[in-house]
Amino acid sequence: MLAGLAFKRKWQNKRKAEGKPYDKPNIVTGANVQVCWEKLARYFEVELKEVRLRDGYYVMDPEKAVEMVDENTICVAAILGSTLNGEFEDVKLSNDLMVEKNKETGWDTPIHVDAASGGFIAPFIQPELEWDFRLPLVKSINVSGHKYGLVYAGIGWVVWRNKVDLPEELIFHINYLGADQPTFTLNFSKGSSQVIAQYYQLIRLGYEGYKNVMENCRDNMLVLKQGLEKTGKFNIVSKDNGVPLVAFSLKDNSNHNEFEVSEMLRRFGWIVPAYTMPPDAQHITVLRVVIREDFSRTLAERLVFDIEKVLHELETLPSRIRITAKIILADDEKAAAANKEKRDLEKTREITTVWRKFVMQRKMNGVC
């Protein structure tokens with residue numbers, strides 16, 4: 001949100017200097033973005049132009065994203081580690097395509113990288129991957145320490161490429177603590193425990209330590225993935241070269257679906273979320289397991305074992321989907337019968353009313 005605010009203000013200042021309208025800023029990103037981007041758009045009045053997903057491609061398509069960029073685009077937001085399936089978006093391709101478009105149009109549309117998860121993964125197990133300030137259009141990066149920085153919730157950073165990328169007017173300076181203190185934040189007073197914990201982890205683990213942790217997470221992810229594949233019941237939606245997580249869906253959900261699997265796994269102590277994909281892949285439902293430092297190989301094997309037990313139990317149960325369909329059909333039949341009865345009653349009342357009018361007219365004419 002801070003990075004988006006900086007992009008908006010810098011874009012507005014440039015448009016004002018050029019004498020152009022500055023009231024309709026937009027950000028181009030994929031439909032797979034985390035809810036914080038929707039908050040940014042709503043709170044700071046920025047249009048969110050989302051590249052829709054499609055079957056088999058669940059991240060932002062760089063080519064489609066660049067096509068949506070216009071003179072009011074304050075930045076293109078790329079995700080290094082999608083919340084939905086952990087996949088790294090192709091930041092380098094987005095950069096290269098945007099460089100060409102900027103040359104053609106005379107714009108200087110920048111890129112922000114949301115590396116909330118991937119920022120603590122890619123540098124240690126994919127150091128050759130270009131996604132950061134090695135790319136000229138990447139002006140800011142955010143990363144969460146409370147994810148793969150291995151610290152409890154409540155810490156994260158945004159880092160800018162240069163001072164000029166953060167407008168000075170957004171920075172406040174205070175001196176009542178004894179010295180000049182620049183501050184740019186949406187938070188007010190809060191504890192420093194997360195900062196201290198992160199400082200400890202960085203010193204204690206160092207590069208080699210984080211590298212070992214991330215490699216171990218990746219290895220345990222592969223154990224879980226291979227175990228699920230061996231059941232023959234699932235399609236794997238996640239990628240190996242992203243966040244160490246496994247996102248998977250049932251090959252056959254005509255009798256039982258992923259939400260039932262998620263619900264029954266709770267009995268074994270597992271909270272495995274099931275959710276639908278964003279537009280235009282909302283017909284796909286997936287389960288997701290995120291592999292953290294404390295998720296061991298033994299736990300991965302146990303989870304596969306418990307999932308197999310759940311699948312076996314579901315096979316012995318009647319299909320909730322078909323039962324629901326039968327209930328709906330029965331309700332429809334009852335509703336149809338009730339409507340028919342209502343129509344028959346209304347027709348009888350109508351005939352009675354007409355007959356009464358006829359009789360009254362005959363009486364008034366002295367016939368009866």
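Is Glu301 buried, exposed or partly exposed? Select Glu301: this residue is partly exposed, with a relative accessible area of 42%. Buried means under 20% relative accessible area, exposed means over 50%, and partly exposed lies in between (1.4 Å probe, protein chains only).

Some ground rules before moving on. This is a predicted model, in which local features need pLDDT of at least 70 and side-chain atom pairs count only at pLDDT 80 or more, while totals for chains, interfaces and linings use all residues. Residues are numbered from 1 along each chain as its sequence is written, and side-chain values use heavy atoms, with hydrogens and water left out.

**Stop 1: helix H8**

A salt bridge here is a side-chain nitrogen of Lys or Arg within 4 Å of a carboxyl oxygen of Asp or Glu. Both residues lie in helix H8 (residues 297–316), four residues apart, about one turn of the helix. Helices (H or I, at least four residues) and strands (E, at least two) are DSSP runs, numbered from the N terminus. Arg297 is partly exposed, at 49% relative accessibility.

Now select Arg302 and Asp306. They also form a salt bridge, and its closest N and O atoms are 3.7 Å apart. Again both partners are in helix H8, four residues apart. Asp306 is buried, at 4% relative accessible area, whereas Arg302 is partly exposed at 44%.

**Stop 2**

The structure holds 17 salt bridges. Select Glu169 and Arg9 for another of them, at 3.1 Å from N to O. This pair links distant parts of the chain, 160 residues apart. Glu169 is in the loop between E6 and strand E7 (172–174), and Arg9 is in helix H1 (residues 2–17). Glu169 is partly exposed, with a relative accessible area of 45%. Arg9 is partly exposed too, at 27%.

**Stop 2**

Select Lys101 in helix H4 (residues 91–105). The backbone oxygen of Val69 lies 3.1 Å from a polar atom of the Lys101 side chain. Leaving aside neighbours within four places in sequence, Lys101 is in contact (heavy atoms within 4.5 Å) with Val66, Glu67, Val69 and Trp107.

**Stop 3: aromatic rings**

Colour Phe, Tyr and Trp. There are seven aromatic pairs in the structure. Rings of Phe, Tyr and Trp (its six-membered ring) pair if their centres lie within 6.5 Å; planes under 30 degrees apart count as stacked, over 60 as edge-to-face and the rest as tilted. Select Phe234 and Phe248. Their ring centres are 5.0 Å apart and their planes are at 85°, so this pair is edge-to-face. Phe234 lies in strand E9 (residues 234–236) and Phe248 in strand E10 (residues 245–250), so the pair ties together parts that are 14 residues apart in sequence. Phe234 is buried at 4% relative accessible area, and Phe248 is buried at 1%.

Next, select Phe120, Phe124, Trp157, Tyr207 and Tyr210. Together these residues form one aromatic cluster.

**Stop 4: charges over rings**

Select Lys16 and Tyr22. The charged end of Lys16 sits over the ring of Tyr22, 5.0 Å from the ring centre. The test is NZ of Lys or CZ of Arg within 6 Å of the ring centre and within 35 degrees of the ring normal. Then select Arg54 and Tyr57: the charged end of Arg54 sits over the Tyr57 ring, 4.4 Å from its centre.

**Stop 5: backbone details**

Select Glu45, in the loop between helix H2 (35–43) and strand E2 (47–51). Its phi is near 55°, a positive value in a residue other than glycine. Glu45 is exposed, at 63% relative accessibility.

Finish with Pro279 and Asp280. A cis peptide bond joins them, with omega about 0°. Asp280 is in the loop between strand E11 (274–276) and strand E12 (285–290).

Definitions and conventions. A polar contact is a pair of N or O atoms within 3.5 Å; within protein, one must be able to donate a hydrogen and the other to accept it, and residues adjacent in sequence count only if both atoms are side-chain atoms.
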